[in-house]
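Work through the exercises below with the structure in view, and try each task before you read its solution.

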Amino acid sequence: MLRCAWATSAPEYVAYHDEEWGVPLHGDDALFERLCLEAFQSGLSWITILRKRPAFRAAFAGFAIDAVAAFTDEDRARLLADAGIVRNRAKIDAAIGNARAAQQLPGGLSELLWSFAPRGPRARPATLADVPATSPGSVAMARELKRRGFVFVGPTTAYALMQATGMVDDHVTGCFRASLPEDDATSP
């Protein structure tokens, strides 16, 4: 079975590619998890995050926005001491602060994020070299998230989130996952 080239080097990548990456995902807490994990990945390999994902879920109360928003200084200290996750103070503070920012969104996080998904057909990338690192939508998403108090949400992180959650479908031509109709991957 042919897959996107990035997804073949480890069993975790294969499972992630085949079962999650590019599948439309909705729900505030589910998207909050992905936003946090993309931020934690910044500067690291995605495989590191995938391997630590169960520990992240345990440490961050399943990424329930209200639970993370209620984290205290004691929780922050607990997270900084947790060897199962990435112990980066700025990223931990970002997750907690972003949960608090998400609570303030009138329509919820899912509604806001999906408002930046491109509509209509897009050209499928032929190779990994054709996959962009950002898009006008990810630039706009990052700008709006920052305006609303989110941090660690630059255009590249926003685009990775869009790819991971099916807002854009960047499975390359020839990948078995690319057989889905283009607009299925972007419909909210």
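**Exercise 1.** Which residues does threonine 157 touch, not counting residues up to four places away in sequence?

*Solution.* Keep in mind that this is a predicted model. Begin by locating the residue: threonine 157 has its place in helix 9. Next, list its partners, leaving out residues up to four places away in sequence, and you find that threonine 157 touches Glu38, Ala39 and Phe152. Finally, consider its accessibility: the relative accessible area of threonine 157 is 15%, and because buried means under 20%, this residue is buried.

**Exercise 2.** Describe how helix 2 and helix 9 pack, and name the residues that make the contact.

*Solution.* First take the geometry: helix 2, residues 28-41, and helix 9, residues 155-164, pack at an angle of about 135 degrees, and their axes are 9 Å apart. That angle makes helix 2 oblique to helix 9, and the crossing of the two helices is right-handed. Then turn to the residues, where helix 2 contributes Leu31, Arg34, Leu35, Glu38 and Ala39, while helix 9 contributes Thr157, Ala160, Leu161 and Ala164. Sorted by class, the contact of helix 2 with helix 9 has six nonpolar, one polar and two charged residues.

**Exercise 3.** Is threonine 165 buried or exposed, and which residues is it in contact with, leaving aside its neighbours within four places in sequence?

*Solution.* Start with the position, which is in the segment after helix 9. The relative accessible area of threonine 165 is 0%, so this residue is buried. Once its neighbours within four places in sequence are left aside, threonine 165 is in contact with Val23, Pro24, Leu25, Leu31, Arg34 and Trp114.

**Exercise 4.** Find how the rings of tryptophan 6 and tryptophan 21 are arranged, and state which parts of the chain the pair ties together.

*Solution.* A pair of aromatic rings is described by the distance of the centres and the angle of the planes. A search of the whole structure finds 10 aromatic pairs. For tryptophan 6 and tryptophan 21, the ring centres are 5.0 Å apart and the planes stand at 70 degrees, and because planes over 60 degrees apart count as edge-to-face, the pair belongs to that class. Tryptophan 6 lies in the segment before helix 1 and tryptophan 21 in the loop between helix 1 and helix 2, so the pair ties together parts that are 15 residues apart in sequence.

Technical notes
Residues numbered from 1 in each chain as written. Predicted model: local features only at pLDDT ≥ 70, side-chain atom pairs only at ≥ 80, totals over all residues. Heavy atoms only, no water. Axes fitted to C-alpha atoms, helices over the stretch in contact; angles between N-to-C directions. Helix = DSSP H or I, 4+ residues; strand = E, 2+ residues; numbered from the N terminus. Parallel < 35°, antiparallel > 145°, perpendicular 65-115°, else oblique. Left-handed = near helix turned anticlockwise from the far one by under 90°. Contact = heavy atoms within 4.5 Å. Nonpolar A, V, L, I, M, F, W, Y, C, P; charged D, E, K, R; others polar. Buried < 20%, exposed > 50% of the residue type's maximum accessible area, 1.4 Å probe, protein only. Phe/Tyr/Trp six-rings, centres within 6.5 Å; stacked < 30°, edge-to-face > 60°.
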